[in-house]
Amino acid sequence: MKKLIGIFLLLIWAFPVFSNPITGLLERIDKGASKKFVIEIRKEGTDDFFQLSQSGSRIKVCGNNYISVAVGINWYLKYHAGVHLSWNGMTAKLPKILPPLKCPERHETSLTDRYYLNYCTFSYSMAFWNWNRWQQEIDWMALHGINMPLDIVGEECVWRNVLKRLGYSKVEINRFIAGPAFEAWWAMGNLEGWGGPNPDSWYSFRLSLGKKILNRMKEYGMRPVFPGYSGMVPHDAVKKLHLNIAEPAPWNGYTRPAFLQPTDKHFQQIAALYYKEQQKIFGKADFYSMDPFHETNNIGQVDLAASGLEIMAAMKKVNPKAVWVVQGWTENPRKEMLKGLKPGDLLIVDLFSECRPMWGMQPSVSYRKGGYGSHDWLFSMLLNFGARTGLHGRMDELLHNFYLTKNNPLAAHLKGIGLTMEGIGNNPMMYELMTELPWRPNKFDKIKWLNEYLMARYGVKDKTIEQAWKILADGIYDCPQTNNQQGAHESIFCSRPSLSSFQSSSWSKMQNYYDPTSTEEAARLMLKVADKYRGNNNFEYDLVDIMRQAIADRARIVYNRTVADFKSFDRKSFENDSKEFLRLLLSQDTLLGTRREFRVGTWINEARSLGSSEAEKNLYEWNARVQITTWGNRYPADEGGLRDYANKEWNGILRDFYYKRWNAYWNTLLNVLDGKPLIKLDFYGMEEPWTKAHNYYSSNPVGNPIDVAKKVFHEALVLHGKE
């Protein structure tokens, strides 16, 4: 009996059960932190609110629900305790007695729907997360006011059961469901099977993980958005299920699932089966995400109005109160489909509001006359594509577009905000800004806000740091309205070499919009005060990231000079400049090795850790390596244009993948200058071996970030003849 009691107590110690999610959140931030706050839930009106006040030596946080309280805690920590929690650090050592409040503070918002995630995020950032990492992310959501997260973890388990019920064999199911790093595009109807087949253990893991995620979200009072059914079936359903459908055109070289028209007599049957199996595992939801015509121009003779009604009807049979969530992206949602749907039954996520708003604001390349009519919608920030590294933001445009909605009649049905990035873990400042907007009723000065953010992020006020970040805010973080690029200014290191290399991915639409030497000046200023902030986690992370950007920007200048050397037939200068380019690339690799967030080993080891056998580990590692490089086999990579879409400036991949491409290319040009014929390089042939390799990359940092940054910066200046 004593032994059983001992085991029980050990389990409680290892897996503590908290009285409410806020207690658990605070204890994960810092053990004992929950004793420093007083939490109160109080219902008032229809708006969300939080209120901060002093209660003896403790801080009292009152709100209308747990999410509002979590936002209040985060607000206090940032603006009164100088503690900033972000992806690069979700824990902090709080003072024994928290700084007292001088006076009570209250914030409220009528924007009560706050959405999070993009299907792509689940593959580009979250493909290999375990429960511990997911737990941190759900805490991040709560602290930033998210109450409507997209939740697709375990979707493959639902589909496996559905296909079994439809008579598909295990082999056939494995040919349909994609591997871990590509499930997002399978779920969106872009491809089948790529990255698989998944082992049985994968489904067991995802089933357990999905239930834990859902339970924690509900503990906080979040309202998860489930993937709904809008007509996807395997492409061979024509023969297998005897359905009257046409096989779809390929997507960038991949076989697409077929689309069963919602007006087909079999649609409601399969939809009912899908929702039944989903409900068995995860229950019902109040929101279902469906994008039946995602990135599809040729939709044939689809009756859009009737299709919308049928999709809605199938969803409403599961939960009559449920709302259909649809992306506002390119042509979607089609206007014909919107006409027959009742206001209140549809919620449109205006996916790229900070750049290409569709809700009716002019000018915008995606402008829709009349906006979304009488349907509800969310103002969203996309910001990142492919989880690419790179400083990037549209501070001025974001503030302008958001506050413009206040008095715009087309915004009468605005219900909240959304964060719809394809990848996370980058540019934390922009996400902090976006998630605060609902709680700030009036437009504010960006530099004043930025200085307050820096005080929160580093816990100190420093004029030199403020000067560095002002340069960034007025430069690389001020992408203008006229620039339509998708996400970060991509590094030239990550581009397939040519005499006209510019953007690395096929569709980024990059344009120059800031002085590349400005990031170098910001890095110089950060280094100037760096010794004072040794051990400051947020400062060291930002220093490395800003220095990374400065080196990438310098490398682009050197690249252009090297190309000019070649075109001028200046062999000596070409040899010197091409070597300088490669030295910068290797310096970048060394710098990024000082932070685990910028090491390819972190990504690969996350993948391998989920395997229960060597074969499984190797499959997951291959998924991880392919996604960030070729994305597919030769045809999707080269002809489909997918290669380097998710390019990464990471330690390890820089020296072993990107360096080899550039070194080989510069050598071919050097040979031309020596009178030899130009050899056309087979880049895919060079790239594929890395995707299949299993050489070990550590996720452990090497070197002190400040010392290495100083050394790298000094060497870069010397190599450029500035000292």
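This is a predicted model: local features need pLDDT of at least 70, side-chain atom pairs count only at pLDDT 80 or more; totals for chains, interfaces and linings use all residues.
## The eight-stranded sheet

Eight strands make up an open sheet. Their order is β6-β5-β14-β13-β12-β11-β10-β7, and the pairing is parallel. The edges belong to β6 (148–149) and β7 (225–227). Each has a single partner strand, so one side of each is left without a neighbour in the sheet.

Tyr116 has Pro149 in β6 as its bridge partner.

Strand β3 (residues 58–63) pairs with two strands described here. Strand β1 (residues 37–41) runs parallel to β3, joined by five bridges. Here Ile39 stands opposite Val61. Strand β2 (residues 48–55) runs antiparallel to β3, joined by six bridges. Phe50 has Gly63 in β3 as its bridge partner. The hairpin of β2 and β3 has two residues between the strands. In this hairpin Gly56 takes a positive phi near 65 degrees.

β2 also pairs with β4, in the antiparallel sense, over five bridges. Across this pairing Phe50 stands opposite His107. Strand β4 (residues 105–109) has two faces. Glu105, His107 and Thr109 are on the covered one, Arg106 and Glu108 on the uncovered one.

Asp376 sits in strand β13 (residues 376–381), a member of the eight-stranded sheet. Asp376 is buried yet has no salt bridge. Lys415 is the nearest side chain of opposite charge, 4.2 Å away. The salt-bridge cut-off is 4 Å.

Lys415 is also among the contacts of Asp376. Beyond its neighbours within four places in sequence, Asp376 is in contact with Gly344, Leu346, Leu347, Ile348 and His413 as well.

Phe581 lies in helix α20 (residues 571–592). Its relative accessibility is 0%, so Phe581 counts as buried. Neighbours within four places aside, Phe581 is in contact with Ile492, Phe493, Ala555, Val558, Tyr559, Trp662 and Trp666. Gly82 is 499 residues from Phe581 along the chain, and their C-alpha atoms are separated by 40 Å.

Glu490 lies in the loop between α17 (463–473) and α18 (516–528). At 2% relative accessibility, Glu490 is buried too. Arg388 is 102 residues from Glu490 in sequence, but their C-alpha atoms are 7.6 Å apart in space.

## Helix α24

Helix α24 (residues 653–673) has 21 residues. At 1.5 Å a residue, the helix should span 30 Å. Its end C-alpha atoms are 29 Å apart, which agrees. There is still a kink of about 40 degrees in α24, centred on Tyr659. After the helix comes Gly675, with a positive phi near 90 degrees.

## Salt bridges

Side chains of opposite charge can pair when their charged atoms come close. The model has 58 salt bridges. One of them joins Glu436 and Arg440, at 2.9 Å from N to O. Both partners are buried: Glu436 has 2% relative accessibility, and Arg440 has 16%.

Lys446 and Asp474 meet in a salt bridge of 3.2 Å, N to O. Lys446 lies in helix α16 (residues 446–458), and Asp474 in the loop between α17 and α18. The pair therefore ties together parts that are 28 residues apart in sequence. Lys446 is buried at 9% relative accessibility, whereas Asp474 is partly exposed at 41%.

Glu466 forms a salt bridge with Lys463, with the closest N and O atoms 3.9 Å apart. Both residues lie in helix α17, three residues apart, about one turn of the helix. Glu466 is buried at 9% relative accessibility, while Lys463 is exposed at 62%. Elsewhere, salt bridges form a network. This network links Arg496, Arg634, Asp638, Arg643, Asp644, Arg661, Asp682 and Glu687.

Methods
Residues are numbered from 1 along each chain as its sequence is written. Side-chain values use heavy atoms; hydrogens and water are left out. Helices (H or I, at least four residues) and strands (E, at least two) are DSSP runs, numbered from the N terminus. The expected span of a helix is 1.5 Å times one less than its number of residues. The bend at a residue is the angle between axes fitted to the seven residues ending there and the seven starting there. Buried means under 20% relative accessible area, exposed over 50%, partly exposed in between (1.4 Å probe, protein chains only). Lys and Arg count as positive and Asp and Glu as negative; His and the chain ends are not counted. Contact means heavy atoms within 4.5 Å. Two strands pair if DSSP finds at least two bridges between them.
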